[in-house]
Every structure is written in structure tokens, then in C-alpha cells.
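Good morning, colleagues. Please turn to the structure on the screen while I take you through the fold and then the principal pocket.

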Amino acid sequence: MTTTTRRRRPSRRAALYATLIIGAAMSVFPYWLIVSTALKPRGELFEAAPWAPPSSPTLENLGALLSSDFARSILNTFLFVTVLTVGQLIFTTLAAYAFARLDFRGRNSLFWLYLATLMVPNVVTLIPLFLIMRELGLVNSWYGLVAPYVFGTPYGIFLMRQFFRSIPREIEEAARVDGAGHLTILWRIILPMSRPILATLAIVTVISSWNNFLWPLIITSSEDTRVVTVAIAALRSEIGIDYTRMMAGSLLTLLPMLLVFVFFQRYIVRSVALTGLK
């Protein structure tokens, strides 16, 4: 190893660390901006740089939102996320088991055709979905809000199917010898072995449902069904451009997702590794 090569290694390492630090700072900066702005009084926002920490932190903005209709939007979002998560766990599991274990004509063709819908942008299907909900009389209702997602998604079915296929068939065959049917095998054998992937699907569903904005914006118009993402967008039209209130709303929306990430980070990584997916 030459002297020149030894000199290059520290410089490359320093360049790598500098790049990582810059990338981390760029990732953390939006969150810092949300927190600092949400804790600033209204009059302090334009007195210093936006990224400057608040000189006199206050919870006034958070309290004002929690005492308004915004609190109801948070409860609506929790209900929305709960219904979608439970529904997707049930229907996705049934569909994935059918595609993984049941033999019927056209099974693979139907599965890949359904999976191909992943390549269709969600924006393309918004108008047809809205027209269907309007014909069914489900506009501005909880049924119309959850109907397009509660019965499963292509990604969720693909994820569960791949995991079910990794379970040895010998285990199921032994259960069939004892007289177990498909539902018994699914409930007593497959699901207990699939807890990691079920947790992964639940967490992915919670995050995607919590952040869903476009469909709730289109299908609902009343405060009874307004979710938190739509409520944040409505703050601008209701009270003008009040950045402290908007950032306070963003902070309240962000906190549950941060808690999910903190408590389930290791479980998510372990679960995704078990699926064999990259």
C-alpha cells in the first residue's frame, strides 16, 4: 500500500461523513422548522430568521387548535385509520391466502393483472371513484371515505402472498390430515406464523391512511368527516396565512407518526427482512 493511497483514505472518509451530515441536516431541517414555528408567538415569527429557535416558547398555538374543530378532525382521523387498518388486515389476508394456497383456474393471471394496477397513478382513478360513490349516494359520508381502501390494496396483497408462499406446505398438509379446513389452517397455523408481516402491513396502512389527503379532500366536505390533513389545508382559508397555527397543526399531525416510528422501528425492519423483499 503506497503512501498516496493511505492519504486518500482519510480524505475520502471525511468527504463521506460531510456528505452524510449535510444529508441528515437537510432531512431534519423541515421538522425543526415545524417545531420552532409552532412554538413561536405570532408576533415573533417575522422578527428573526424562520429557523431561529423561539425566544419565548409557547403552547398557545397548540392549545388554540385543540380547543377548536381541529381536535374533532384528529379524532376523525383516528377512526378513519382504525377502520382502514382492521379492514385491510382482514380482507388482504383472505385474498393473499387465496392467491398463495388455493388452486383455481386463472389464479396467477388474475393476481398479476391485479398487481399491474400498481402502475396506475392514484390520480387517474379519483374521478371514476368519485362518480361511483356519487351514484351510490356515498359522497360526504364515512362509507364513501373508507370504501376504496378498506378491502385491501395490491401492495398489501402482494406482501402477504409472498410471505404465505414462504411457509412450508408440509405444515398445512399435516393439518389437513387431522381434518382441518382452509379457515382453520389460516386461523390456527398461518396467522400465528405471520405476526411479523401482519404488523408490517398494519404499520404501512396506518402511515398511508394517516397521510391520505387527496381522496378525503374530494369525497368529503363537512366537518363531521374531515380528517386532519384536510383540516390543515382548511386552516389557511379560515384564518388567513397564519403560519404558526399551520405549523402547530402539522406538529400535532406529525407526533403520532413519530411515535409509531420510534416504537416500531426495529419491528418494521425485522418484518420487512422476513418477507425477502427489498
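Helices are DSSP runs of H or I with at least four residues, strands are runs of E with at least two, and both are numbered from the N terminus. What we see is a predicted model, in which local features need pLDDT of at least 70, side-chain atom pairs count only at pLDDT 80 or more, and totals for chains, interfaces and linings use all residues. Residues are numbered from 1 along each chain as its sequence is written, and side-chain values use heavy atoms, with hydrogens and water left out.

The protein chain holds 13 helices and zero strands. Its radius of gyration, taken over C-alpha atoms, is 24 Å, well over the 19 Å from the globule rule (2.2 Å times the number of residues to the power 0.38) for 278 residues, so the chain is more spread out than a compact globule. The C-alpha trace spans about 75 × 75 × 35 Å along its principal axes.

I turn now to the pocket. On a 1 Å grid over the protein atoms alone, a pocket is an open set of points where a 1.4 Å probe fits, with protein on both sides within 12 Å along at least five of seven lines; lining residues have an atom within 4 Å of a point. For the largest pocket, 25 residues form the lining, and N122, P148, Y149, T153 and P154 lie nearest its centre. Helices α3 (70-101), α5 (122-135), α6 (142-150), α7 (154-165), α10 (195-210) and α11 (214-219) each contribute at least two lining residues. Which helix gives the largest share? That is α10, with five residues.
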